[in-house]
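Please have a look at the two chains shown here. The report below walks through them with you, from the contact between the chains down to single residues.

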Amino acid sequence: MPVIEFEKKELMKYLGKKTDETELKEKISFLGTDLEKFDETVKVEIFPNRPDMLSVQGFSRALKTFLGIEKGIKEYNVKSSGRKIIIKDSVKEVRPFTACAIVKNIKFDDEKIKEIMQMQEKLHITYGRNRKKIAIGIYPMEKIKFPITYEARSPEKIMFVPLESSREMNGKEILEKHPKGKDYAHLLKGKEKFPIFVDANKQILSMPPIINSHTVGKIDSDTKDVFIECSGFNLNYLKKALNMIVCNLADMNGEIYSLKLEYGNKKVITPELKPEKMKLEPDYINKILGLSLNKETIKRLLEKMGYNISNNDVLIPAYRTDILHPIDLIEDIAIAYGYDNFEAELPRIDTVAEEMKFEKFKREIRDFMVGNKLIEVKNFQLVSENRNELTKCLIDKVKIKNPLSEEYSRLRGWLIPSLLKNLSENTHNDYPQNIFEIGKIFKKKIDEIIENDRVAVALCNKKSNFTAVKQIFQSLMLDLDLKFEINETEHPSFIEGRVARVSVNGKDVAYIGEINPEVLQNYKIEMPVSVLELNLSELFEVM
Amino acid sequence: MAEIDKLVKKLHPLERKVLKVLPKYKNLEEIKEHSELKEVEIMRALQWLQNKDVLKIKKDTETKIVLGKNGEKYIKEGLPEKRLLEILDKEKSMELNDLFKKLERNEVNIAIGLLRSKGAIEINKANKKTILRITNTGKTLLKKETLEENFLKNKFPLSNKNLTPQERYAYGALKKRKDIVKEKESITVNAEISETGKKLLKKDLKEDYVDELTPEMLKKGSWKNKKFRAYDIEAQVPFKEYGKKHFQNQVIEYIKKIWLELGFKEMQGSLVQSAFWDMDALFVPQDHPARELQDTFYVEGKAKIDKKIMEKIKQVHEKGTEKSKGWDYNWSEKEAEKLLLRTHNTVLSARTIAKLKKEDLPQKFFSVGRVFRNEVLDWKHLFEFYQVEGIVVSENVNFRHLLGYLKEFYKKMGYDKVRIRPAYFPYTEPSAEVEVYDENRKQWIELGGSGIFRPEVTKPLLGFECPVLAWGLGLERIIVPYFNMKDLREINKNDLEQLKKIKRFME
């Protein structure tokens, strides 16, 4: 989850009122944000559904109403700049939308620039899905000239000095040579044309979602007015991201100005900070939360979370992205009410308990094995490929597409190799070592994966032999009142002539045998091992 | 019965045999010689007798004089100086080189030195030859037994205490010579009879007791009028081999019982699932970070998904419902068909509610099963772990009931304090993180997520909006402290000694 970091004095400044630190720390975690550090600098973990809180401004805005310093929605004024952005059809194929704004009269200093960069970066990673969904650019107004055009050109025809570079590069070069270009090249992969923002003087401002121009796309402490653009694939998301940014800049005492976006004949004005309306019935709230809140309380709780109420509608700030359904407002009411204040109640809902028959069967098998003085082991389902060679039995195992290591890159195809591994890791312990495991095995069947539950037994002691393990199987069959047929078979992991395939009601369900000494040697086990592996899923079917 | 008579009755045959010789012999070696028992048997009997306060085993470390290789040889053949004198006495005189043929060179050298100092021989050098002769002193000496010879007549190993001055002198002299005698630390075992022991020895210990009851005796009735030896019930017995459930499964079986007792039905399903049921059906958008390769294990193959349900899910992702806005993006069928190792057991809940009809309600389900996350294995991370899943589907449940079930469950797990904190999951709203208070470690433990399924989950799956309380709780974080472990990897370590000896889960 994303974490933001800022100076405590900044937070205090935005809260604007002296607040007791102990209370502050407690309230921060009741708001649902995890406090990781609280000294000169503050570190807070923010839930991914609240990108609007990924800055000291956004965070303190939420905290301010939660603490009761202010209440309800914070109003932001948007003036018209009278300027426009022209969006060319050429961007449709590569990155079709943009939402833009101007914010004026900010006193930039190093601290503010740092904050803005953090906000931009956090939004890129989270809400912007690593710039794929949203890329944000911020430019100093004094260096650019309106109107600005958003268009796409073939990479060779895009020439500018990218940030952190000393020379002009074309679009292709940027992707190949510039560090940021290399990081985000996949976002423009296979595109014939790349998107760019160009101003009235034909200066290239940036090539989203990769990089800004070094000449005209970098803010510094002389900057007072900025142009902001968000580009991506969904105008609604871009508008939300833009709203978050302009509100934060307004909290830094900036003035917000709108721009007219010309998508061919279609005109859109951004930013649009009018609160959204959503109907919310008190009955629904009380039904979900199990409370009986009256309208007054509901209003107070909603105001605590930064909303306003108008008639039966809730007014939602334009930077909130997480309110999809009235249920989302109910959660905020619950947070305002305080999770700690909910009284637990065990409802009387009469239903009949039912254990799954197969799960019960497996439990009975486990009890039987324990009764036979076997110790139960539990292994991972993920195994390595080379265990095949150790057992001399080459079976095709189901592959994990993205394993973290070779050691855990396949799903196991049978249980005995896991038990042999356990025995090989226990050679320092006393014998007898008689063990069993009940677990899943996986097989490929064209595109599908077949899963079966099996039980495997390994008897490892001086007197371990075919008879000993057959005895266990025989008594299990007697216990389950099943008849079985035992047939000679061959299997590379076993001693020739001492391995059997066992069938119940005509279905092959088990192997019984003595492990081949060569296999034991591969596992460095110096004690005879006889084993049994029984397919419980198939046995259960034929029972 | 007097204590002493009880004692008599309890005596083991071995103890009786030892007691028979004990009045006379107290030393282990002596007992061995006179009882015809093996050393281990005597030691066992002495130990038992000591447990009964009959005697005390005294172990003393004593320095003993033992014979070296040469010592043993000289006892048989005589000391070299004596043998040299004997030869010279017989041959009158002898050339040195000839002597080397009769005695070993180093023995000759020692003997010559010794005899010369005593004036027992004389040596003349003539024509490059060394001639040795015996003197009159030598002849007298020959008839006498030296102190050394006398000393070697002792029985070895010999205690170095209580030596006569002569013996001490001889011992000193021999010790300087090569490999004749040396000192060795040895442990002597002696029994020291206690007061109880003294009383016991006065008793008749010959009485015949039956040691074991045999089928033969039962058949013939010969046990009648016989006395049975009483056993020392405090005696140590060897451990017996026994079977045991894996401790994690002990916990799982207990948890299953809790939910069954609360009237829940069990759910189970495959570990390999489609992204559709694991994620999409739960309203997790397709670009959600949890779906990325670094979080989820994907498996080769492709899932087959029912077209009708797929269309409903596509709708809710792209456009939402009458009341919801949805995620507003282009939903991909291909992404949903990917196979993965289930990341949570909520996948089972999704599949379960998809089969429910309105008339089936209310319903309660649970599952305890494995889930997977693409994590590097270390002391606090596992890539395979367990999740306790539960859902309650009813028009009449609410957030406080969710807390009610969680508290009831953890109370049965031994945790009295449970709290919830705000959390975020794409499929629940309100969502809550569940924590329990560990009284021993004085800290809250995060155990998992819970909440009420979003309408965007219930509407397409159930066909109508209905509150579904849901939770997915971790198991390992409770197991590890319960079994006094520190490392999550210990759960699947499979050390057989540990598995055998670990305490049983009892709550």
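**The contact between the chains**

Please keep in mind that this is a predicted model. Chain B brings 96 residues to the contact, while chain A brings 84 residues. On the polar side, 54 residue pairs are in polar contact between chain B and chain A, with both partners at pLDDT 80 or more. Helix 19 of chain B (residues 399-412) gives the most to the side of chain B that touches chain A, namely 8 residues.

The interface of chain B and chain A also holds 12 salt bridges. One of the pairs to look up joins A:Glu276 to B:Lys325 through their side chains, at 2.8 Å from N to O.

B:Thr321 is another residue worth a visit. It sits in the loop between helix 16 (307-318) and helix 17 (333-336) of chain B. With a relative accessible area of 15%, B:Thr321 is buried, since buried means under 20%. Beyond its neighbours within four places in sequence, B:Thr321 is in contact with A:His325, B:Val316 and B:Lys459.

**An enclosed helix in chain B**

How many of the 9 residues of helix 18 of chain B are buried? The count is 7, so this helix (residues 346-354) is largely enclosed by the rest of the structure. The buried residues in helix 18 of chain B are B:Thr346, B:Val347, B:Leu348, B:Ser349, B:Ala350, B:Thr352 and B:Ile353. Their cover includes both helices and strands of chain B: among them are helix 15 (275-278), helix 20 (455-462), strand 8 (272-274), strand 11 (363-372), strand 12 (384-393) and strand 15 (443-453).

Over all chains, the count comes to 85 salt bridges.

| Residue | Partner | Distance, N to O |
|---|---|---|
| A:Asp89 | A:Lys92 | 3.7 Å |
| A:Arg410 | A:Glu385 | 3.0 Å |
| A:Arg498 | A:Glu514 | 2.8 Å |

Their surroundings can be read from the accessibilities. A:Asp89 is exposed at 55% relative accessibility, and A:Lys92 is exposed at 56%.

Turning to the second pair, A:Arg410 and A:Glu385 meet in a salt bridge. A:Arg410 belongs to strand 22 (residues 410-411) of chain A and A:Glu385 to the loop between strand 20 (382-383) and helix 12 (387-391) of chain A, so the pair ties together parts 25 residues apart in sequence. A:Arg410 is buried, at 16% relative accessibility, whereas A:Glu385 is partly exposed at 27%.

**A nonpolar patch on chain B**

Back on chain B, B:Leu213, B:Leu218, B:Trp223 and B:Phe228 form a nonpolar patch on the surface. Together they have about 370 Å² of accessible area. B:Trp223 is in the loop between helix 13 (215-220) and helix 14 (247-261) of chain B, and is partly exposed at 35% relative accessible area.

**Backbone details in chain A**

Which peptide bond that ends at A:Pro147 is cis? The bond from A:Phe146 to A:Pro147 is, with omega near -5°. A:Pro147 is placed in the loop between strand 6 (134-140) and strand 7 (148-153) of chain A. Another cis peptide bond joins A:Tyr431 to A:Pro432, with omega about 0°. A:Pro432 lies in the loop between helix 13 (416-424) and strand 23 (433-445) of chain A.

Positive phi values are found in residues other than glycine too. A:Glu164 has phi near 60° and is exposed, at 69% relative accessibility. A:Lys373 has a phi of about 65°; A:Lys373 lies in the loop between helix 11 (357-371) and strand 19 (375-376) of chain A and is partly exposed at 36%.

Methods:
Residues are numbered from 1 along each chain as its sequence is written. Chains are lettered from A and ligands numbered from 1 in the order in which they are written. This is a predicted model: local features need pLDDT of at least 70, side-chain atom pairs count only at pLDDT 80 or more; totals for chains, interfaces and linings use all residues. Side-chain values use heavy atoms; hydrogens and water are left out. Patches are made of residues with over 30% relative accessible area and no salt bridge: like charges are joined within 9 Å, nonpolar side chains (Val, Leu, Ile, Met, Phe, Trp, Tyr) within 5 Å. Accessible areas come from the Shrake-Rupley method with a 1.4 Å probe; for residues, only the protein chains shown count as cover. A salt bridge is a side-chain nitrogen of Lys or Arg within 4 Å of a carboxyl oxygen of Asp or Glu. Helices (H or I, at least four residues) and strands (E, at least two) are DSSP runs, numbered from the N terminus. Buried means under 20% relative accessible area, exposed over 50%, partly exposed in between (1.4 Å probe, protein chains only). Contact means heavy atoms within 4.5 Å. A polar contact is a pair of N or O atoms within 3.5 Å; within protein, one must be able to donate a hydrogen and the other to accept it, and residues adjacent in sequence count only if both atoms are side-chain atoms.
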